[in-house]
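Here is a short briefing on how two chains meet, and on how one of them is built. Have a look at the sequence and the model, then read on.

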Amino acid sequence: MGLGFMVGVLGVLFLFHAAYSTIQGLLKIMEEEFSGPPMNLLLGFVFCISAALTVPGYFLSIHPDSEENRIVSLSANLDFMIFNHRAKALPLETDMKLKH
Amino acid sequence: MAGHSDSSSSEKKSSEAMNDVPTFSTENMQNNMKVIYYSRTFMSIIGGVIAGILGFTGFMGFIFYFLVMAITSIGLIAKAKFSVHLYFDSWNRIILDGFMGGLMSFVLFWTFAYDIVHIF
């Protein structure tokens, strides 16, 4: 997440640099077609598209019987936690030994 | 009540297309749609800025938008490891979703960048 974000910021900075160069007249884009500016723009575009594909997160499988969907965890909601159940009626002695 | 087992985090939704109903988890589906939406919106904005810097006017800009969207679609399909049926229920979602909304953002940033860079 952090690395993808930095890559995206870097790509946007490349685009800003290309825009600034175009304003200053260093890159005459309107006359030439494919020589100088696409290097900056292409690099910025590649960085931005790699950030756009990694930052939002992963795809999750939608089949309920896939490997990563096997374990379903309930939300840690206090309303569903039961602390007062019948286990206290079980005869559980801590020093119980096997009778032989 | 305590023994009632239900999977509360993934709700099942069935498509009524055929008798053998395939069920899928809508929470994961929504997460995947959100990922696609974020990616497409960001790439529309970046495409608009690039189109403005390059000085596209008129129809060439829209051609460039389709090109950027096609590259984004290919990138998303590659992110899904080329097995789209694992993450989505139809091909339309990964190819066409977010197209029109992205178009609005693209035109906005296209005119914005063009004004700043070329008209000043």
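In this predicted model, six residue pairs are in polar contact between chain A and chain B, both residues at pLDDT 80 or more. A polar contact here is a pair of N or O atoms within 3.5 Å; within protein, one must be able to donate a hydrogen and the other to accept it, and residues adjacent in sequence count only if both atoms are side-chain atoms. Salt bridges between chain A and chain B number zero, a salt bridge being a side-chain nitrogen of Lys or Arg within 4 Å of a carboxyl oxygen of Asp or Glu.

**The side of chain A that touches chain B**
- Helix 1 (2-23) and helix 2 (37-54) of chain A each supply at least two residues of this side; helices (H or I, at least four residues) and strands (E, at least two) are DSSP runs, numbered from the N terminus.
- Helix 2 of chain A gives the most, with seven residues.
- By class, this side of chain A has 22 nonpolar, seven polar and no charged residues. Ala, Val, Leu, Ile, Met, Phe, Trp, Tyr, Cys and Pro count as nonpolar, Asp, Glu, Lys and Arg as charged, and the others, Gly among them, as polar.

**Extent of the interface**
- The contact (heavy atoms within 4.5 Å) takes 29 residues from chain A and 41 residues from chain B.
- About 3100 Å² is buried between the two chains, 76% of it on carbon and sulfur atoms; this is the accessible area (1.4 Å probe) that two parts lose on being put together, summed over both.

**Chain B**
- Four helices and two strands make up the elements of chain B, in the order β-β-α-α-α-α along the sequence.
- Ser73(B) sits in helix 2 (residues 59-79) of chain B and is buried, with a relative accessible area of 9%.
- Leaving out residues up to four places away in sequence, Ser73(B) touches Arg40(B), Ile94(B) and Ile95(B).

**Conventions**
- Residues are numbered from 1 along each chain as its sequence is written, and chains are lettered from A and ligands numbered from 1 in the order in which they are written.
- Local features need pLDDT of at least 70, side-chain atom pairs count only at pLDDT 80 or more, and totals for chains, interfaces and linings use all residues, while side-chain values use heavy atoms, with hydrogens and water left out.

Terms used:
Buried means under 20% relative accessible area, exposed over 50%, partly exposed in between (1.4 Å probe, protein chains only).
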